Amino acid sequence: MSTDEPTTDDVTADDAAVDDTASDVPDDEPILSVDDVSVHYEPGGIVTRALSDKKVRAVDGVSFDLYDNDIVVLVGESGCGKTTLGKTAIGLEKPTEGSVKYRGQDIWNSKENPRDADIEFTEIRRAMQIIHQDPANALNSSRRVKAILSDPLKKYRDELGPKEREDTIYRFLEFVDMMPPEDYAERYPHQLSGGEKQRVALGRALLMNPDVILADEAISALDVSLRVGMMDLILDLQDTFDTSYIFISHDLANARYLAKRAGGRIAIMYLGEIVEIGPPEEILQNPTHPYTKVLKWSTPTVDPDVAKQRIQEDPPVREVDVPDPEDPPSGCKFHTRCPEAREVCTTEEPERYETAGESTTACFRALETHEYWNSAELADADEDEYDAQESAGFGD
Amino acid sequence: MAIGQTNQSTADEETDDADEDIVMEVDDARVQFGMSRGQAWVLNDVSLDIRREEILAVVGESGSGKSMFAAALMDAVEDPGHLSGDVTYYPREEEGDDSPSADQIGSYDTVGDDAVDVLGMTDGELKNFRWEEVSMVFQGAMNSFNPTMKIKGHFHETIQAHNAVLEDRMEHVRDLFQALHLDPDRVMNSYPHELSGGMKQRALIALALVLEPEVLVMDEPTAALDLLMQRSIISMLRELRDEFDLTIVFITHDLPLVAGLSDRIGVMYAFEFIEVGDTRSLLKDAAHPYTRALLRSVPSIDSDIDAMQPIEGARPDPVNIPTGCSFHPRCPIADDRCEIEDPDLVSVDDDHSAACFYTDQARGELEYTLDHGATED
């Protein structure tokens, strides 16, 4: 496998993130490098598309790198583009702009110009797998577990005979704690519990010996008491198989558990952008982006005294509803809801800034000297426009 | 506010009617389904009182029978399920008058002076009872509205089906929308697809309350929503309860969600309540091993991740519920007695009871921590 192609030839305007990787991990090549990626959709049918240039910016200029044995948890509200980003990162979705590189090889170049590629597209395809949210729909209900698991083996490891294939399947069922494997292999999906189905899906992804697994809300459909168990299994298997994960979650508490146990990072997404990325403790104990603070505030706590008190508080946003992604706000996209927003936020878009710790954030407040600190408070200067928005979005 | 109804407001509902004023009483409710493998019990002799103007959270994992409990409250168990036992509804007494509000419930079969036997109602009575006395909000608001009808149409249809005065009710809807932070003009004239999930869910709550029911049953009402919207709706529910003197039964799998909302929590496991108690007491010092294990398995953003543990074992099969205490196969402190004898709910603290023989031992041996501090022994 070729790992000799550095990504330095592609330093663009968004060089903050690239610099960061260069300085942090000097001799470690990322497995997966997402560079200034945007995914735009054109809504409507063919006529609407021809007549308007409206675009939904599902992902807008996102960069991050994934290393060996790494884990990045994408956290955000629904519609923030976390699934689109995840799918783009593993090559299921083609980015409108920017590039996704697997071990230095541009994924879409490899597919479209196979002759110039150092790594074949089928090899890339095998190296990146996905686990879906709902295991009930991810497994073919009319086939036995054994048949479900033998398909990928037949395609990618056709040197195996029937007996070897069966042994491999049993071995992987053991890896995902499905004992005895001979029994589970003969079952249909409806004879498995939700947790067992999800473990079959995990086993199926691992069969390909992938380098990266995208787990899209992989534990949300499970019972509360089983979620920690599933996350532990994922982490144990990460040690066994040296797999990196892109984990998608809307729950900050689960994100923290995973990222902390694996020594990974949490990336907070808002309207198609990563607004803050860093180690879990830093993101949660010392959030620099106001949106991260909002997410932290909204995560329910089980302590009844704290919860009782919090329920009386007003949310730390100026508006509860998310703006229309077809028409995102100018400047910093969060300024319409941000309690700290000032005049400059409505016009100037923040870049990614380093914080005192290891995280990067997309907020002017991370800079000690910035126009922001001299800018006028937004509430007064911008009242008219804001009132109009408020009555439209959240009227009373 | 409402016309034609005296709107009494009890000042300190949390303390005043804690022991006395019961709005619904469920007694030995049992739901069984005939399956090819045998009889499945999906509600197993459940008895619980719901107090007037309380917020009762019913917490359980999937397949614990919590939605079946909600259906039993309204006699809405679908065929071939069969519901037996008693569900009794006590209408609010008119202020300064001991008789029931006859205009509302005159047509029902009454078992006592003022009690209504829900399971004995005819179809017509049941139709009025639902929505006018007890109404329900289901999960997944996206699918509850008719996509070809404006929101306004849903309200009109409901009001007319119950022969209420349209203008009065729509007046009330404006109050409800106010409390739910919705813009009446915009929302009423929209089709469901034009609203966000959070707006639809709030509109649905308003629709459930349009006929001023006493009791609002909500089944995972915030499950499909974003965290922030979830939090906002939770806060609004508390305000709604205070403003409209509601009783709310909130069914969820998410224990942290109701920690700040509910007055009492009932924890369901294997189709029955295994622990019921005052929210603070139950969360701070749970007495049942299952509740303690559940609290230990819920990740939160402040807790110690090394202390977290999943619950070993699988949830029980409704056809084959374990003998004795249904939790004994997964319980770390179970012994022979637990395998044979089924524990009843017994009081462990003030307003807190648990169905376990060894609550002291559970509290002593099974540790868990809440977010911001240690639990008591």
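Accessible areas come from the Shrake-Rupley method with a 1.4 Å probe, and for residues only the protein chains shown count as cover. The structure described here is a predicted model, in which local features need pLDDT of at least 70 and side-chain atom pairs count only at pLDDT 80 or more, while totals for chains, interfaces and linings use all residues. Residues are numbered from 1 along each chain as its sequence is written, chains are lettered from A and ligands numbered from 1 in the order in which they are written, and side-chain values use heavy atoms, with hydrogens and water left out.

Of the 396 residues in chain A, 55% are buried, where buried means under 20% relative accessible area, exposed means over 50%, and partly exposed lies in between (1.4 Å probe, protein chains only). Among contacts (heavy atoms within 4.5 Å) in chain A between residues at least 6 apart in sequence, 65% join residues at least 24 apart.

Chain B can be described in the same terms. It holds 14 helices and 12 strands, and 56% of its 377 residues count as buried. The accessible surface of chain B comes to about 15400 Å², with 44% belonging to carbon and sulfur atoms. For contacts in chain B between residues at least 6 apart in sequence, the share that joins residues at least 24 apart is 68%.

Patches are made of residues with over 30% relative accessible area and no salt bridge, with like charges joined within 9 Å and nonpolar side chains (Val, Leu, Ile, Met, Phe, Trp, Tyr) within 5 Å. A salt bridge is a side-chain nitrogen of Lys or Arg within 4 Å of a carboxyl oxygen of Asp or Glu. Lys and Arg count as positive and Asp and Glu as negative, without His and the chain ends, and a charge is placed at NZ of Lys, CZ of Arg, CG of Asp or CD of Glu. One patch is negative and gathers D28(A), E29(A), D68(A), D177(A), D236(A), D239(A) and D242(A). Among them, D68(A) sits in the loop between β2 (56–66) and β3 (71–75) and is partly exposed, at a relative accessible area of 42%. The other patch is nonpolar, covers about 380 Å² and is made by I46(A), V47(A) and L51(A). V47(A) belongs to helix α2 (residues 46–51) and is exposed, with a relative accessible area of 56%.

Several backbone details also stand out. D177(A), a member of the negative patch, lies in the loop between α8 and α9 and has a positive phi near 65°. The loop between α8 (162–175) and α9 (181–185) also holds P180(A), which is joined to M179(A) by a cis peptide bond with omega of about -5°. In chain B, a cis peptide bond links D79(B) and P80(B), with omega of about 5°; P80(B) is found in the loop between α2 (66–73) and β4 (82–89). N209(A), in the loop between α10 (194–206) and β7 (212–216) of chain A, has a positive phi near 45° and is partly exposed at 44%.

Definitions and conventions. Helices (H or I, at least four residues) and strands (E, at least two) are DSSP runs, numbered from the N terminus.
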